[in-house]
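Welcome to a short tour of one protein chain. Please have the sequence and the 3D view open as you read.

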Amino acid sequence: MAIFTRTINVSAHELGAIADKLEELGVDLLTLPVVEVEAEIDVCVDDFGYDEIYQAYNDAAGVNGNWLERAYRFLAEGDVASAMEEMHHNITGLAPPSHERAIADLLGGRRAHG
């Protein structure tokens, strides 16, 4: 199950009309409680576009949405070290690049980087 939070903003014009109607009814707008409504809905990942999912992931992870593009550009430029650093800083749980390079060197029979 997914939990979604949605805030509904009321424009100044609408708020004025609401305040006027409440005044007619003898209700002070400032004394009204915040209304929270919970609803259970079924959604599927197919209900969302790539951009929406990508943005939601970045928002939830608290990362700058451009890090993936930077990592991709670094790879295109042949700068694997910078791409790995970018990924390490933005993806939780990745081992430090130096650790990964050391493993690659051991598996490849190369000397470890100093």
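Lys-21 is partly exposed, with a relative accessible area of 47%; buried means under 20%, exposed over 50% and partly exposed in between, using a 1.4 Å probe and protein chains only. The side chain of Lys-21 meets that of Glu-24 in a salt bridge, at 3.6 Å from N to O. The term salt bridge stands for a side-chain nitrogen of Lys or Arg within 4 Å of a carboxyl oxygen of Asp or Glu. Both residues lie in helix H1, three residues apart, about one turn of the helix. Glu-24, at 62% relative accessibility, counts as exposed.

## About the model

This is a predicted model, in which local features need pLDDT of at least 70, side-chain atom pairs count only at pLDDT 80 or more, and totals for chains, interfaces and linings use all residues. Residues are numbered from 1 along each chain as its sequence is written, and side-chain values use heavy atoms, leaving out hydrogens and water.

## The chain as a whole

The chain has five helices and zero strands, giving the pattern α-α-α-α-α along the sequence. Helices (H or I, at least four residues) and strands (E, at least two) are DSSP runs numbered from the N terminus.

How much of the chain is buried? Of its 114 residues, 11% count as buried. The chain exposes about 9,900 Å², with carbon and sulfur atoms supplying 57% of that area; accessible areas come from the Shrake-Rupley method with a 1.4 Å probe, and for residues only the protein chains shown count as cover. Among contacts with a separation of 6 or more, 16% are between residues 24 or more positions apart, where contact means heavy atoms within 4.5 Å.

Side chains of opposite charge can pair when their charged atoms come close. The count of salt bridges comes to three. One of them joins the side chains of Arg-70 and Glu-86, at 2.7 Å from N to O. Arg-70 lies in helix H3 (residues 67-76) and Glu-86 in helix H4, so the pair ties together parts that are 16 residues apart in sequence. Arg-70 is partly exposed at 24%, whereas Glu-86 is buried at 14% relative accessibility.

Arg-73 forms a salt bridge with Glu-77, with the closest N and O atoms 3.4 Å apart. Here Arg-73 is partly exposed, at 40%, and Glu-77 is exposed, at 52%.

## Where H4 meets H5

Two packed helices are described by the angle between their axes and the distance between the axes. For helix H4 (residues 80-90) and helix H5 (residues 97-108), the axes come within 9 Å and cross at roughly 130°. Axes are lines fitted to C-alpha atoms, for helices over the stretch in contact, and angles run from 0 to 180 degrees between N-to-C directions. H4 and H5 are therefore oblique to each other; angles under 35 degrees count as roughly parallel, over 145 as roughly antiparallel, 65 to 115 as roughly perpendicular and the rest as oblique.

Which residues meet here? Ala-81, Met-84, Glu-85 and His-88 in H4 meet Pro-97, Glu-100 and Arg-101 in H5.
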